[in-house]
Amino acid sequence: MTKIVWFNTTGDFMSIQKLEELIPCFLELIKVNGVKELPLQRIADELGVPISDIEKVVAIAQSNDLITKDQGVLKITEKGNEALRIHRAKYVHDRFIHPKRGLHRFLAKHKGKNSIDWHRHGLNNSNISLFYQNLEGIQGRIEEVIPLTQLRVGEKGVVQFMFGGRGKVQRLADMGLTPGAEIILNKKALLRGPVEICIRNTCLAIGYGIAKRIFVKPINS
Amino acid sequence: MENKKSLRIALAGNANVGKSVIFNQLTGLNQVTGNWPGKTVERAEGTLYYEGYTFNVLDLPGIYSLSAYSLEEVVSREYIALERPDIIINVIDASNLERNLYFTVQLLELEAPVIMASNQMDFCSKKGICIDLEELSELLNIPVVGTTAISGMGISELISEVVAVAQGKTKIIPTPPKYGGEIEKRIQNLKEKIMEFLPELSNLYPPRWLSIKILEKDEIIVEKVQKHKNGSAILELASEHITEIEEIHGHISSVAIAAERYNIAHRIAQKVQEFVREPRLTFEEKLDTLTSHRIFGYPFLIAVMALMFAIVFVVGNFLIGILEGIFYGALLPNLEIFLLNAGLPPPLVSIISRGLVEGILAGITIALPYIIPFYLILAFLEDTGYLPRAAFLMDNIMHKMGLHGKAFIPLILGYGCSVPACVGCRIMETDRERLIAGFVVVLIPCAARTVVILGLVARFVGFGWAMGLYLFNLVLIFVLGRIAFKTVPGEPLGLIMEMPAYKKPSIKVMLIKTWNRSKDFVYIAFPLMVAGSLIIELLRLAGLLEILGMVMSPIFVSWLGLPDFSAIPLVFGILRKELTLILLADVSGTVNFDLVLTPVQMIVFSLVTMIYVPCVATIGALMREYGWKRTAIIIIADIALALILGGVTFRLLSLFL
């Protein structure tokens with residue numbers, strides 16, 4: 001398994017001060033791998049914390065009804081799934097949709113102000129909520145997902161989800177960008193120029209504004 | 001199908017697969033072709049007579065889907081579903097099977113009688129792909145014909161297939177492919193309910209297609225269903241299904257359904273196509289790498305544009321030199337002498353020779369030598385596929401004007417003629433973008449204005465000054481585009497564009513295209529030129545020319561610093577822009593303009609010609625595209641701009657020159 005850098009929701013490297021902050025990451029790992037295949041020791045290694053902390057995390061998660069122990073196997077509860085969904089939504093929103101800069105970043109960092117719902121996205125509410133709901137369906141860890149624009153030239157990726165109005169998402173799907181489709185990033189134009197990708201044997205040019213809202217999981221070959 | 005003698009055929013398929021080429025092959029007409037997506041903006045119709053049959057052929061615009069998100073898609077699907085053409089020829093790009101099959105699947109969902117023309121087979125084998133057409137035909141349950149339209153291969157087979165269907169020898173039973181279990185179950189369920197409760201609508205559209213569209217939340221279909229009395233019950237059931245589908249797939253229903261279609265297309269493509277060898281495209285790929293390179297692409301783009309104008313200028317001047325010698329040196333004086341000797345009165349001779357003959361000669365000597373090389377180069381750029389690369393590179397800059405890269409294509413076309421450029425603005429997706437693009441496109445110096453700039457400034461002041469005018473024009477367009485972007489309400493859109501592969505252009509196709517465009521130019525422009533020359537000659541004989549000049553002199557002489565006779569060419573230039581130069585020759589009585597104009601006057605004259613109102617043909621195109629109100633605003637803005645900039649330039653340049 002590859003080592004992944006953890007980010008907290010303000011987009012900084014995660015500084016784990018409270019054990020509670022580990023819970024979403026922990027849930028992600030259980031969700032993806034299941035606890036049977038992933039002993040606590042490996043989770044601890046993965047997160048870079050001592051195993052005693054993980055045991056404490058399990059205890060906290062259990063006491064909050066996020067996970068249950070069923071015949072020695074840890075399972076995510078309904079509430080745990082909801083917590084995970086919120087974590088994913090916050091992660092994607094704060095890191096990619098509205099990365100905080102300047103004052104916003106300062107406020108989030110030092111005053112603990114959260115800003116998940118006072119931004120304008122240029123979309124109606126049902127589209128936004130559907131998008132965040134759909135994040136639950138992503139296979140694999142959310143932290144592996146990056147916007148298309150961050151893919152390197154020549155790198156391959158799998159389309160995970162797209163953020164945008166119905167028309168735009170439909171248009172992209174019609175052109176072959178359906179979830180699960182494999183793409184190669186061919187070219188990037190200068191500055192915030194368009195990207196050229198190859199998908200299903202065709203080349204498409206996609207403007208920066210759209211490409212940064214297409215999320216892919218890079219394939220390490 | 002019963003044995004009918006007159007059949008309606010529609011050509012449908014993705015953009016840039018060669019529909020227009022097949023259309024031209026079938027009908028012998030000359031629909032515009034080129035290697036960039038979106039040329040066919042209006043549907044074209046033609047007729048094919050074959051073995052006693054009459055086929056009315058319709059070329060639909062290139063689309064990727066039959067959803068409701070663009071006007072072309074809605075128009076196409078309404079045509080296919082409601083007008084029910086007898087045969088639909090689905091033209092596909094065989095080298096790009098999967099994405100094309102996605103559209104075929106949708107045609108089959110509409111239960112349309114489809115014959116597939118698997119086009120670009122030559123390019124396909126170049127890419128190292130081998131396609132089993134028989135198996136493809138079997139899997140889709142429709143006739144499939146392999147074609148290479150550009151060389152005419154497979155066209156006769158295609159026609160005989162069409163005739164076989166017309167004679168009833170081949171029967172097409174469209175069979176929509178089945179989706180994956182979860183979605184298919186819900187489609188079937190909804191389909192049964194629709195057939196039971198909405199019989200009128202099921203008669204118009206195939207019920208299975210209706211249920212798919214409802215599950216996709218297609219706005220137009222949902223609205224239609226709502227109008228029926230059982231509609232809301234159906235929609236309620238559908239919304240339950242939609243929620244279930246979205247829960248299972250984790251994406252909005254229309255994306256989940258698109259993914260299903262692509263799964264079908266992928267399965268079929270996997271079965272029928274085989275990658276037999278490495279693609280033989282090394283040269284094309286290298287060219288692509290260079291021309292859309294993030295850094296080297298830009299010098300290449302500038303070089304292409306500069307080379308284009310340099311070739312037009314050099315070739316044009318060379319031809320003008322030869323033609324002038326023939327016409328003005330030998331033909332015209334002899335003609336006058338001949339007519340006078342024949343006993344015609346001198347005023348009539350003057351009208352014939354200076355009005356009629358010189359109008360035509362001026363068109364041939366001054367306009368055509370620049371226009372023909374220009375059209376030839378434009379055809380070359382279009383057919384190779386360079387234009388989408390330029391659009392890719394320029395996307396960034398175009399965004400500063402609130403447009404995206406695609407708008408660069410009509411902009412380049414604008415250097416040829418403003419009329420196709422105005423119509424070409426339709427490749428922009430929204431009304432807002434079409435308006436901004438239309439506004440800037442008419443400011444681009446078209447071939448006619450190039451005639452003035454090259455024929456006046458480049459010839460008599462210097463090539464550098466002419467290039468300076470072009471550069472100034474680009475800056476002006478950028479500034480005005482930015483102002484328009486800030487004033488026109490609405491959100492800018494992003495770029496989604498297919499990048500076609502480079503193709504070797506066919507010399508024959510290029511020549512035909514140049515011939516057609518030049519012919520159109522001659523048909524439209526020459527009568528206007530002759531009429532313009534005649535009117536001016538008559539005015540001159542009647543002594544009205546001086547009066548007209550005097551009336552206009554406050555603007556032209558005092559403000560713009562031009563000689564008083566220049567008012568007439570500029571006013572009549574509204575008919576055709578190159579007319580300004582030809583009339584200038586008429587009123588000044590010479591084609592050696594350096595005898596009658598100073599360099600500053602030539603520059604100001606060209607600048608005003610370049611910016612003020614587009615010609616009547618363009619005004620017509622603008623009216624049709626944007627309505628008279630917006631057209632009037634554009635015209636007034638252009639005139640004001642031309643006068644202001646002309647006056648300012650005159651004063652500034654007088655300080656230096």
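How much area is buried between chain A and chain B? About 3500 Å², and carbon and sulfur atoms give 57% of that. Keep in mind that this is a predicted model.

Let's look at chain A's side. A:Arg166, A:Asp174 and A:Arg200 lose the most area to chain B. Together they make up 18% of what that side buries.

Now the contacts. On chain A, 35 residues touch 39 residues of chain B. There are 13 residue pairs in polar contact between the two chains, counting pairs with both residues at pLDDT 80 or more. Which elements of chain A supply two or more residues to this side? The helices are H6 (125-134) and H7 (166-174). The strands are E4 (156-162), E5 (182-188), E6 (195-199) and E7 (202-206). H7(A) gives the largest share, with eight residues. By class, chain A's side has 17 nonpolar, ten polar and eight charged residues.

Next, salt bridges. Chains A and B share two. One of the partners is A:Arg200, which pairs with B:Glu98. Their closest N and O atoms are 2.6 Å apart. Remember, A:Arg200 is also among the residues that lose the most area to chain B.

Last topic: cavities. The whole structure has six of 30 Å³ or more.

Key
Residues numbered from 1 in each chain as written. Chains lettered and ligands numbered in written order. Predicted model: local features only at pLDDT ≥ 70, side-chain atom pairs only at ≥ 80, totals over all residues. Heavy atoms only, no water. 1 Å grid on protein atoms, 1.4 Å probe; cavity = no way out; pocket = protein on both sides within 12 Å on 5 of 7 lines; lining within 4 Å. Points joined across faces, edges and corners; volume = space filled by probe spheres on them. Contact = heavy atoms within 4.5 Å. Buried area = accessible area lost by both parts, 1.4 Å probe. Salt bridge = Lys/Arg side-chain N within 4 Å of Asp/Glu carboxyl O. Polar contact = N/O pair within 3.5 Å; in protein donor to acceptor, adjacent residues only side chain to side chain. Helix = DSSP H or I, 4+ residues; strand = E, 2+ residues; numbered from the N terminus. Nonpolar A, V, L, I, M, F, W, Y, C, P; charged D, E, K, R; others polar.
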